[in-house]
Amino acid sequence: MKKIGKVYLNLMDHVNTIIGYLLALSLFFTTMITFWQVVSRFIGSSLSWSEELTRFLMIFMIMLGAAIAHRKNKLISVEIVVEQLKGWMKEVSFYLMHLFSIVFFIVLIVYGMNLASNFTNQIAPGTGISMKYIYMSLPIGGGLMLLNSLASLIEHWMKGDETSC
Amino acid sequence: MLIAFFISLFVLMFLGVPIAISLGLSTVLGITMHEVIPLETVPQRIFVSLNSFPLMAIPFFILAGNLMGAGSMSKRLVNFASSLVGHFTGGLAMVAIVTSMFFAAISGSGAATTAAIGSILIPAMVARGYKIEYAAANQAVAGALGIIIPPSVAMILYGVAAEVSISDLFIAGILPGFLITISLLISAFFIAKKNGYQGTEKQPFPSIVKAFFEAFFAILMPVIVLGGIYSGFFTPTEASVVAVVYALVVGLFIYRDITIPQLAVVFKDSAISSSIIMLVIGAAGLFGFFIGINSVPDMIYDTISSFITNKYVFLLVVNIILFFTGMFLEGGAAILILVPLLFGTATNLGVDPVHFGVIMVVNLALGLVTPPVGIDLFVVSQLTNLSIVRIARYAIPLILILVLDILIITYFPPLSTWLPSLLK
């Protein structure tokens, strides 16, 4: 059981490293495209696709970045009450926090997929990308956040096991 | 149903569930009890709130601030400010305030400003005999200028949530920002006088000129960014991306103090910091939509207007609400939750939307330094290894000064509305 946990954590570390590179790249490209858009506006040839593409890249960046932030416990939250808790109450609040988060991620995945499939025939006007793929950013992000929630839970469980031994 | 919705929101938030997820999940609960709306609305509203070009200014300003912090720009700004005001009584405390103002004119974030300037100046102040608690408190409060002096991430959030022109908000923030800067400088002088904090040696004119030229490209940055926005040359988003490219060019080719591996880390960290804020924006959009279709803002207006009809009394109540919200909630999240709730009432009572934005932003700037939850306090506490409680005690006089500033800004609207009207 522990072995599987370790393998999973290792796997998620790799996934998150890849996400980290994707994040840096997408921010780099949105910068370059937006800058090029500014330059081209002054030259006098406005681009039709650039703004749309940067918006879509940004939405993917947000959903991926949120997944990493969630793994590192960096999403903005009210910690003041939880910090006061001790012992089993603290444990319970930790599990509840992840449990509730996972419920929301499942909503995001299931209904996000439904939403995306509703847009199969719609095409973004500037870039010509099917809106289906753009809307997929939400279920993909939800899925990665769910996987990271599981990683945090497993890590916590494995640590707890070690201290009790 | 609405009661269940708000109770679930509070329970989730205080359980430590991330605010974005708390907002999302309580809306899911609200929607399931509401037969008409499908749950597909949840991902859709999140998407719609994020699919906005003005919002893209947020990652770019965060990135520009981080690039400045990574290179030597902040150090150069400190040197220049020291050469100017360092020799006054309480000089270094003033340097911290002035440099934070400059830095804030680029970064737009209180925590980034505090971290970048504090890491240089707090040790320098301690070396000159300043009490470390005071040095930390002074830096934390000066860092709060980050969200008042434009460009400001908090103002972008307000502008998007309330559908108010971000350029107008940026212009409106200038005079209140100066008011707060000057009041902090005066306080630094009197505190130094009382404690005998001497200034550094007065610099001869040539070395001021030298410091100016060494910091030239850093000083030019706010000029380009803000000048570009105010002259109508750039939109705020365009200005933000120009700031990034400018910081890249200066860091890589002129000062040559940013390396490529360092860049990859800065880009990744900036992307994550942006995602953290922007996930809340998405969820708050969903929240705002849900309370909107349930006419919650109207109910709030009806309730409030039944016993408050005077806008000045209302603004006092708003200030009190914001003060306590700021104690517990991160500023950006507070704006995104409170704007949909309070904005309608404010405009119905005749409060100028831009003025209301400035009031919200300065209050939440104060929230950065009020315990128990104040991000600037966390940053200086990490920098100095002092407990938040010890720093907070020294921050109290400075907090009182900010409260006074906020009352002036609230009850003297021209401070916020005069400049935008002038430039129209």
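## Helix α4 of chain B

In this predicted model, helix α4 of chain B, which runs over residues 57-70, has eleven of its 14 residues buried, so it is largely enclosed by the rest of the structure. The buried residues of α4(B) are B:Ala57, B:Ile58, B:Pro59, B:Phe60, B:Phe61, B:Ile62, B:Leu63, B:Ala64, B:Gly65, B:Leu67 and B:Met68.

## Nonpolar cores

The largest nonpolar core holds 209 residues, and those touching the most other members are B:Ile19, B:Tyr158, B:Phe314 and B:Phe356. Helix α15 of chain B, residues 260-293, gives the most to this core, contributing 17 residues.

When neighbours within four places in sequence are left aside, B:Tyr158 is in contact with B:Glu163, B:Val164, B:Leu169, B:Ile335, B:Val339, B:Phe343, B:Pro353, B:Phe356, B:Gly357 and B:Met360.

## Crossing of α17 and α21 in chain B

Helix α17 (residues 311-328) and helix α21 (residues 388-411), both of chain B, have axes that come within 11 Å and cross at roughly 150 degrees, and the crossing of α17(B) and α21(B) is right-handed.

On the side of α17(B), the residues that meet the other helix are B:Tyr312, B:Leu315, B:Leu316 and B:Asn319, while α21(B) brings B:Ile406, B:Leu407, B:Thr410 and B:Tyr411. Sorted by class, this contact has six nonpolar residues and two polar ones, with no charged residues.

Methods
Residues numbered from 1 in each chain as written. Chains lettered and ligands numbered in written order. Predicted model: local features only at pLDDT ≥ 70, side-chain atom pairs only at ≥ 80, totals over all residues. Heavy atoms only, no water. Axes fitted to C-alpha atoms, helices over the stretch in contact; angles between N-to-C directions. Helix = DSSP H or I, 4+ residues; strand = E, 2+ residues; numbered from the N terminus. Left-handed = near helix turned anticlockwise from the far one by under 90°. Contact = heavy atoms within 4.5 Å. Nonpolar A, V, L, I, M, F, W, Y, C, P; charged D, E, K, R; others polar. Core = buried A, V, L, I, M, F, W, Y, C linked by side-chain atoms within 4.5 Å. Buried < 20%, exposed > 50% of the residue type's maximum accessible area, 1.4 Å probe, protein only. Expected span 1.5 Å × (residues − 1).
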